Amino acid sequence: MGKTLTVDSTSRCDVLIIGAGGAGLRAAAQIGEQRPGTSIIALTKVFSPQKSHTTTAQGGMAAVDPKDPVDRAIFHMFDTWKGSDCSADQNVIKKLCAIGWEEVVWLERHGMHFSRTEEGRIAKRPFGGHMLDFGETLAFRACYEADRTGKGIMDTVWAESLKYGVNFIGQCIATELLCKDGHCIGAIIFRYPEGKFFAILAKATIIATGGKTRMYLVSSNCRGNTGDGLALALNTGLPVMDLEAVQFHPTGMVGPGILASEALRGEGAILRNKDEEPFMERYAPTAKDLAPRDLISRAIIQEIREGRGLFHEGHNAHHVWLDLRHLPKEVHEKKIQEVCSFFKRFVGVDPEKDLCPVTPTAHYQMGGIPTNEFGEVQGDTHGIVPGLFACGEVAAASLHGLNRLGTNSLLELITMGRVTGEGVVEYLKDAKDPDGLPPDAGHIIFDQFSTYLHAQGKEKYAEIRDTLRNLMMEKVGIFRSEKSLLEAVDDLGELKERATHIPPGTTCMRTNQDLWQIWELNNLITVSMVIAQGALARKESRGAHFREDYPKRSDEFNYHTLVYMPKFNTVTFDKRPIDMSIFEAKGDHYELFDYIQREY
Amino acid sequence: MSISHTITLEINRYDPDTELSWIHTYQVEASGILRFVDVLRKINDEQDPTLAWPSSCEHAQCGSCGIIVNGKPLLACELLVKDAVEQFNTHTFKLKPLTIAPVLRDLVVDLEKAYDRVHKAKPYLIKPAPPHRDGDEYRISPKTLEIYSEATRCINCFCCATACISSHHHFLGPNTTMANMVRLMDPRERARKERMDILYREDGVYRCHTARACSFVCPKDIDVSHFLALGKEGKF
Ligand SMILES: Cc1cc2nc3c(=O)[nH]c(=O)nc-3n(C[C@H](O)[C@H](O)[C@H](O)COP(=O)(O)OP(=O)(O)OC[C@H]3O[C@@H](n4cnc5c(N)ncnc54)[C@H](O)[C@@H]3O)c2cc1C
Ligand code: SF4
Ligand code: SF4
Ligand code: FES
């Protein structure tokens with residue numbers, strides 16, 4: 001007992017990247033290419049950046065090839081705007097849709113193994129919500145590498161960063177941002193193997209910690225997707241944006257919620273209820289099984305609620321069927337090989353012969369740390385935080401608004417990763433080396449870790465984790481109401497208090513999994529509170545956020561939610577206007593970029 | 001389907017603070033459809049929060065969770081209890097850390113160090129071929145791609161390297177050698193000489209004795225030794 005926590009040593013670099021996933025390392029590669037010799041440190045919780053969660057993305061990356069005979073960037077912009085339920089920022093939509101193809105070519109030239117057409121060109125498949133001619137027919141727009149597109153991307157940006165001598169530090173967590181005179185000057189990290197804290201001073205810092213939906217019982221996210229990046233920002237007094245928008249992917253494998261990619265439906269798979277009826281025809285007559293995810297997830301829950309679902313004894317869970325039996329053998333073996341093997345291994349069904357049990361799984365959070373279109377982090381409604389950037393799933397620029405289309409996330413990672421890299425190079429021109437550590441460096445994290453290390457009481461980590469995951473699923477899940485959200489806010493307050501009474505299994509610091517998991521649990525509770533509060537305040541339904549008591553979208557809420565929570569449950573709300581620049585430019589088809597109805 | 005099993009896990013423990021090693025035996029009541037990572041989590045939850053074990057994606061796609069179960073290196077996240085009982089024909093399982101890097105604690109080994117080997121294979125394109133005349137992507141026919149695309153599925157879990165006797169003695173190891181082979185077979189790579197130097201260096205492909213343990217254990221069903229054989233024969 002009574003351990004004094006200190007910073008063991010301090011190192012310096014030009015750029016610190018917190019989160020060496022797809023977005024973080026695309027930024028690293030950009031900086032390496034554009035400004036050789038820049039010293040870059042990239043952090044990850046896992047053993048190697050290659051193991052970051054981007055590697056599990058399956059289906060594809062959306063991009064319109066300017067030479068495509070039928071597809072056009074404007075269709076992609078429209079789909080993204082409509083898909084977002086009119087809440088994405090149009091300056092960002094325009095910018096990222098325009099450079100998507102360049103980035104696909106960048107990845108290919110740097111060694112990614114995209115699937116090919118007979119002519120040897122990059123192959124493309126349809127995906128939910130991506131259409132030609134402003135919503136008429138399905139577009140072939142998702143560039144893919146079989147059903148391991150994310151792995152192809154991750155391998156490429158990881159290898160490219162390696163080429164540029166990026167210094168990877170694995171098995172660590174960034175635990176506190178360092179700030180001086182309103183500038184971000186680096187972070188304090190905790191390395192698992194040594195059990196020690198280190199400070200890293202940097203001219204520029206990029207937060208790219210990725211996804212954050214482990215607070216839900218059923219989730220497609222990895223063990224480490226615990227909202228650390230958001231907690232870092234909140235603890236520093238920075239706002240977060242639109243966290244209430246959580247995407248449930250309609251087809252998680254029953255049980256742990258492992259993803260069964262939309263690519264399956266892109267290849268022709270069909271959802272069926274217990275009578276084997278292809279029920280999506282009733283909910284979305286045009287787009288059917290390739291309607292946007294929020295719509296399908298709600299349809300599945302509706303089917304289950306009305307008694308047309310099924311029940312899986314083994315996993316104790318309700319589900320519907322995904323039917324892949326009619327797809328050609330060639331498709332099973334070449335295009336969706338990994339996902340089919342997941343069904344065989346984890347669920348014990350053979351998709352070539354059996355119906356596959358699926359249920360909605362928490363998958364993606366549209367909101368995040370608010371940035372402008374250059375990846376610079378927004379400090380308050382007006383200014384940016386010099387030296388601090390964010391990109392990837394942890395950030396919101398916002399390409400997705402309150403709902404994201406499939407394959408638009410990989411697009412965002414790579415395009416915003418590059419743009420952020422470019423922004424950092426620009427920033428480095430006049431940036432000075434930080435003088436030294438701020439006098440109070442470490443106060444936030446030492447406080448937190450001391451509490452965990454000295455905690456006494458009878459609370460159990462597992463109990464609190466499971467209570468959290470159940471309550472978020474039930475009360476802050478696919479369907480929400482004022483009643484369920486108010487309950488959730490109360491429950492979360494109680495959980496936060498209980499979490500301070502979990503005695504650690506051991507206080508020995510090296511590879512103390514128990515210790516960092518308690519820290520992660522606290523981050524999850526923090527982020528959950530912001531989700532619940534945001535959902536409570538947004539008295540409408542829009543995109544992935546659905547209120548049973550306010551089932552319609554309302555113009556009153558045509559803005560992004562900003563929430564500050566420097567102390568747990570001391571929340572302040574603010575608003576950020578939605579960028580309407582495509583509409584306001586009054587160019588061709590501008591009227592489609594108004595607050596239009598969203599039907600599929 | 002949901003039959004429950006009473007299984008015994010004998011787990012190699014190591015405490016980095018005291019540098020003591022021992023074997024801890026846990027009895028667990030587990031549903032057949034739980035994965036071994038779920039069982040390990042259950043031990044943390046119900047019996048012993050100090051037991052450390054690695055994982056990340058928990059669906060066989062990141063290669064973080066390699067451990068040795070009854071002598072076989074495998075991914076703890078894709079081994080279901082019922083399959084383990086059937087495959088090993090027992091209810092008692094000996095769990096050990098991979099032998100490819102130093103143990104940090106219990107079942108966690110320092111894969112970060114093991115990755116130093118992979119880095120030596122330079123997994124990027126060292127010298128990319130000039131762009132296509134249209135200025136966009138290279139043209140690669142599906143047939144060409146098919147020759148090496150299996151090898152690109154490797155997740156660097158190091159199960160093969162653990163199983164390979166040679167890789168413990170001055171051999172870069174199966175996965176690293178295969179990573180180099182991928183780029184030798186990739187029509188976009190122009191640095192062939194440098195690639196061949198990596199392939200045939202002192203700790204290169206000739207250290208492999210074609211015992212095929214690698215192909216046998218690979219959780220992604222990649223025929224690793226096939227790619228190594230192509231390397232030895234110079235077929236790329
Ligand atoms: C199963 C699955 C399938 C998907 N399929 C698709 C698809 O087909 N198309 C599509 O567009 N999108 C898809 N997505 C979404 C997309 O893959 C993710 O949004 C994206 O990969 C996130 O990338 P990232 O770079 O932001 O984060 P990640 O790749 O998750 O990287 C985050 C990095 O930050 C590190 N990190 C986290 N916290 C800390 C900390 N405190 N300190 C230090 N490091 C930290 C992590 O270890 C990791 O290295 C899918 C998502 C999932 C889960
Ligand atoms: S070849 Fe197979 S066993 Fe070896 S590291 Fe790759 S995936 Fe693992
Ligand atoms: S075939 Fe070669 S690489 Fe594979 S296990 Fe045997 S010696 Fe090792
Ligand atoms: S945890 Fe990712 S492969 Fe097992």
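A salt bridge here is a side-chain nitrogen of Lys or Arg within 4 Å of a carboxyl oxygen of Asp or Glu. By that rule, twelve salt bridges cross the interface of chain A and chain B.

1. Basis of the note. This is a predicted model, in which local features need pLDDT of at least 70 and side-chain atom pairs count only at pLDDT 80 or more, while totals for chains, interfaces and linings use all residues. Residues are numbered from 1 along each chain as its sequence is written, chains are lettered from A and ligands numbered from 1 in the order in which they are written, and side-chain values use heavy atoms, with hydrogens and water left out.

2. Extent of the interface between the chains. The size of an interface is often given as the accessible area lost when the parts come together. Chain A and chain B bury about 5,700 Å² between them, with 52% of it on carbon and sulfur atoms; buried area is the accessible area (1.4 Å probe) that two parts lose on being put together, summed over both. On the side of chain A, the residues that lose the most area to chain B are A:Phe47, A:Arg109 and A:Arg345, which together account for 13% of what that side buries. In terms of contact (heavy atoms within 4.5 Å), 66 residues of chain A meet 72 residues of chain B.

3. Polar pairing between the chains. One salt bridge joins A:Arg121 to B:Glu137, with the closest N and O atoms 3.0 Å apart. The count of residue pairs in polar contact between chain A and chain B is 43 (both at pLDDT 80 or more). A polar contact is a pair of N or O atoms within 3.5 Å; within protein, one must be able to donate a hydrogen and the other to accept it, and residues adjacent in sequence count only if both atoms are side-chain atoms.

4. Elements are DSSP runs numbered from the N terminus: helices are H or I of at least four residues, and strands are E of at least two. Two or more residues of the side of chain A that touches chain B come from each of α3 (90-109), α4 (149-163), β8 (167-169), α10 (337-347), α13 (461-475) and α15 (513-537) of chain A. α4(A) gives the most to this side, with seven residues. By class, the side of chain A that touches chain B has 22 nonpolar, 21 polar and 23 charged residues. For these classes, Ala, Val, Leu, Ile, Met, Phe, Trp, Tyr, Cys and Pro count as nonpolar, Asp, Glu, Lys and Arg as charged, and the others, Gly among them, as polar.

5. Chain B as a whole. Chain B has nine helices and seven strands. Its C-alpha atoms fill a box of roughly 60 × 40 × 30 Å, taken along the principal axes. Of the 236 residues in chain B, 60% are buried, where buried means under 20% relative accessible area, exposed over 50% and partly exposed in between (1.4 Å probe, protein chains only). Among contacts in chain B between residues at least 6 apart in sequence, 63% join residues at least 24 apart.

6. Domains of chain B. The domain assignment gives domain 1 (4-109) and domain 2 (111-233) of chain B; such bounds come from an automatic or database domain assignment. The C-alpha centres of the two domains lie 29 Å apart. Domain 1 of chain B and domain 2 of chain B bury about 1,300 Å² between them, 66% of it on carbon and sulfur atoms. In domain 1, B:Gly63, B:Pro73 and B:Ile100 lose the most area to domain 2, together 38% of what that side buries.

7. Contacts between those domains. In chain B, 17 residues of domain 1 are in contact with 16 residues of domain 2. Across this interface the rule finds zero salt bridges and three residue pairs in polar contact (both at pLDDT 80 or more). On the side of domain 1 that touches domain 2, β3 (66-69) and β4 (72-75) of chain B each supply at least two residues, and β4(B) provides the largest share, four residues. The residues of that side divide into ten nonpolar, five polar and two charged.

8. Local points to check in chain A. The peptide bond from A:Ala397 to A:Ser398 is cis, with omega near 15 degrees, and A:Ser398 lies in the loop between β21 (395-396) and α11 (408-428) of chain A. A:Asp242 is not a glycine but has a positive phi of about 55 degrees. A:Asp242 sits in the loop between β12 (240-241) and β13 (246-253) of chain A and counts as buried at 1% relative accessibility.
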